[in-house]
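Student: I would like to learn how to read a structure feature by feature. Where do we start?
Tutor: With the model on screen.

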Amino acid sequence: MPELPEVEGVVRQIRPVSIGKKIEAVTVSDIIRLSKANGKEAIIKRMEADRFVDSLTGAQIVRVERRSKYIYFTLRKDHEFLLVNHLGMSGAWFYVDQLQSIPEDKFRRHVHVILTLSDGNLLAFSDIRRFGEMRVLQEEAEFPPLLLMAPEPFEPGAREHFLAMAESAKYQNKAIKELIMDGQIISGCGNIYATEALFKTKIHPKRAARRISRRRKVELFESIVAILLESIEAGGSTISDYRNINGESGTMQDRFGMYGKKQCMVCGTMTKTLKIGGRASVYCPTCQK
Ligand SMILES: [Zn+2]
């Protein structure tokens, strides 16, 4: 699943090719239309497909930003509004002259939303597993979970927010891994980077937050920030279906110390896997206490 660095990579690429351009036409796949006709909410949330098309057609792309794992397109018709996109498990954007130019067949076959831009090129959203989301919002508050997100991890205040939450009655007895993967506590850190940061700071993923000293909590937070920044530099991690808008994948996975490993790179012990918060958590039983 794309985490903060992967989404940041996508945003940095969409920005220069889309800002200032107009969305001339919008196409929604038959699969999405059929799913919506059957009362399901595949990708386009809380809006009929035709209304989605009408809302976006003719709008100018003013800004493209990342907030946690969401992509915010600020659009303007007579007033500004938002298209908020989450990549889900396998969402990917491609900027191409025609759909045939999308590099891999599996992505080409699962294009569900196409924005035809005023430069003649397409901004195409492909989603193999269809867990991605798109919402047209007049303001963030129309989708309240957006308002509950923790501050951006690189912003001042994010560390204090994390410490306050981790020490609160609600969370202090929870497993630390569950906490750092919770977007209300830290923004944008999913299973991959949580696994790596806990390994780096030698903290057992199941340790209760209250049994970790403040100094070590700070160390953990700083480690998450450092790993997220390193991954942005590396173009993100390519785990299964992540691609950037040119169909390329990142290289951060080559630097993993623990995620997906059978053996600890530090001490050679066979790694163990626990289920925490519904997600598989790999750790070294010798190094992580
Ligand atoms: Zn070890």
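## Reading helices, sheet, loops and metal site

Tutor: Helix α1 (residues 4-18) and α8 have axes that come within 8 Å and cross at roughly 40°. That makes α1 oblique to α8. Keep in mind that this is a predicted model.

Student: What describes two packed helices?

Tutor: The angle between their axes and the distance between the axes.

Student: At what angle do α7 and α8 pack, and how far apart are their axes?

Tutor: The angle is about 125°, and the axes lie 9 Å apart. Angles of 65 to 115 degrees count as roughly perpendicular and those over 145 as roughly antiparallel. So α7 is oblique to α8. The crossing of α7 and α8 is right-handed.

Student: Now the sheet. What is the strand order in the open sheet of five strands?

Tutor: Read across it: β2-β9-β5-β4-β3. The pairing is mixed.

Student: Which strands are the edge strands?

Tutor: Look for strands that pair on one side only: these are β2 and β3 (60-67).

Student: How do I read the pairing between β2 and β9?

Tutor: Take direction, then bridges. Strand β2 (residues 43-44) runs parallel to β9, and two bridges join them. Ile43 stands opposite Glu133 in β9, and Ile44 stands opposite Met134.

Student: In which sense do β5 and β9 pair, and over how many bridges?

Tutor: Strand β5 (residues 80-86) pairs with β9 in the antiparallel sense, over five bridges.

Student: Is strand β9 mostly covered or mostly open?

Tutor: Mostly covered. Strand β9 spans residues 133-137, and four of its five residues are buried. Buried here means under 20% relative accessible area.

Student: Where does Arg130 lie?

Tutor: In the loop between β8 (122-127) and β9. Arg130 has a relative accessible area of 35%, which means partly exposed.

Student: What is the phi of Lys202?

Tutor: Near 60°, again positive in a residue other than glycine. Lys202 sits in the loop between α7 (191-200) and α8. With a relative accessible area of 43%, Lys202 is partly exposed.

Student: Last, the metal. Which residues coordinate the zinc ion?

Tutor: List the donors and the distances. Cys264, Cys267, Cys284 and Cys287 each give their SG atom, at 2.3 to 2.4 Å from the zinc ion.

Student: What is the geometry of the zinc site?

Tutor: Tetrahedral, with angles of 103 to 114° among the four donor atoms. Four donors count as tetrahedral if all angles lie between 85 and 135 degrees.

Student: How are the donor residues spaced in sequence?

Tutor: As C-x2-C-x16-C-x2-C. Now place the ends of that pattern. Cys264 lies in the loop between α8 (214-233) and β10 (272-276), and Cys287 in the segment after β11 (279-283), so the pair ties together parts that are 23 residues apart in sequence.

Student: Are Cys264 and Cys287 buried or exposed?

Tutor: Cys264 is buried, and Cys287 is buried too.

Note on methods: Residues are numbered from 1 along each chain as its sequence is written. This is a predicted model: local features need pLDDT of at least 70, side-chain atom pairs count only at pLDDT 80 or more; totals for chains, interfaces and linings use all residues. Side-chain values use heavy atoms; hydrogens and water are left out. Donors are N, O and S atoms within 2.8 Å of the metal (3.2 Å for Na, K and Ca); water is not among the atoms, so sites may look incomplete. Four donors count as tetrahedral if all angles lie between 85 and 135 degrees; four count as square planar and six as octahedral if opposite donors are over 155 degrees apart and all others between 65 and 115; anything else is irregular. Buried means under 20% relative accessible area, exposed over 50%, partly exposed in between (1.4 Å probe, protein chains only). Two strands pair if DSSP finds at least two bridges between them. Axes are lines fitted to C-alpha atoms, for helices over the stretch in contact, and angles run from 0 to 180 degrees between N-to-C directions. Angles under 35 degrees count as roughly parallel, over 145 as roughly antiparallel, 65 to 115 as roughly perpendicular and the rest as oblique. A crossing is left-handed if the near helix is turned anticlockwise from the far one by less than a right angle, and right-handed if clockwise.
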